[in-house]
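Hello,

Here is the structure we talked about passing on. Please look through it before you read the notes below.

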Amino acid sequence: MADEELHENDSKDQKDWQDEGVNDAKSADTAADTATDKVADEDETYGVDMDQVQAVLNATADKATLTPQMQRMMNRQAENTKRVEETIKGTKSNPRWFVPVFCAFMIIGLIWCVVYYLSPSGAWPIPNIGAWNLAIGFALIMIGFLMTMGWR
């Protein structure tokens, strides 16, 4: 009996809680509509059409019909674009062979070390130098990693 009362009370409370959530969602939608109206009112207050601002930023506006402020904004935008393009042209990049070479150094060094460990009594890749094979393998790997620092 106590369990039945508990379940009945929970379901009633849950229905009330769900009804409150629906009311909160309706009030949130109303608030969003009010915010959109407020933004539109601000556009009217400043006297600037956002489509015109977008045209200025995209450099598609007719300069003769723009206000002096909009013309200055369009000129600044053009200067910034020109500066960015010059910066991009000024950056140097590595030759095409650079990435394959440093990748090859790292892979060859790794293979060198693995071959040394898997060979019977460390006889390969160069016999009779023993653990110096590991030093050669790690040196090749380090050359590859050092080359990655100069990669652009």
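The notes below go from the overall fold to individual residues.

Please keep in mind that this is a predicted model.

Overall fold. The chain has five helices and zero strands, so the order of elements from the N terminus is simply α-α-α-α-α. Of its 152 residues, 14% are buried. The chain exposes about 12,400 Å², and 61% of that area comes from carbon and sulfur atoms. Among contacts with a separation of 6 or more, 45% are between residues 24 or more positions apart.

Annotated segments. The UniProt record, an unreviewed entry, lists residues 97-118 and 130-151 under "transmembrane region". In the model, residues 97-118 are 95% helix and 0% strand. For residues 130-151 the figures are 77% helix and 0% strand, with 34 Å between the end C-alpha atoms. The helices to look at here are α4 (98-118) and α5 (132-148), which have a loop between them.

Serine 119. Where does serine 119 sit? Its place is in the loop between α4 and α5. Is serine 119 buried or exposed? Its relative accessible area is 6%, and because the cut-off for buried is under 20%, serine 119 counts as buried. The side chain of serine 119 also reaches the backbone nitrogen of tryptophan 124, at 3.4 Å.

Cysteines. How many disulfides does the model have? The count is zero, where a pair of cysteine sulfur atoms would have to be within 2.5 Å to be included. As a reminder, a disulfide is a covalent bond between the sulfur atoms of two cysteines. Cysteine 113 has a relative accessible area of 7% and is buried, whereas cysteine 103 is partly exposed at 30%. Cysteine 103 gets that label because 30% falls between the 20% and 50% cut-offs.

Aromatic residues. The structure holds four aromatic pairs. Ring pairs join Trp97, Phe98, Phe102 and Trp151 into a cluster. To find this group in the viewer, select Trp97, Phe98, Phe102 and Trp151 together.

Regards

Notes. Residues numbered from 1 in each chain as written. Predicted model: local features only at pLDDT ≥ 70, side-chain atom pairs only at ≥ 80, totals over all residues. Heavy atoms only, no water. Helix = DSSP H or I, 4+ residues; strand = E, 2+ residues; numbered from the N terminus. Buried < 20%, exposed > 50% of the residue type's maximum accessible area, 1.4 Å probe, protein only. Polar contact = N/O pair within 3.5 Å; in protein donor to acceptor, adjacent residues only side chain to side chain. Contact = heavy atoms within 4.5 Å. Areas by Shrake-Rupley, 256 points an atom, 1.4 Å probe, with all protein chains shown as cover. UniProt positions renumbered as here; feature names shortened; annotations may be inferred. Phe/Tyr/Trp six-rings, centres within 6.5 Å; stacked < 30°, edge-to-face > 60°.
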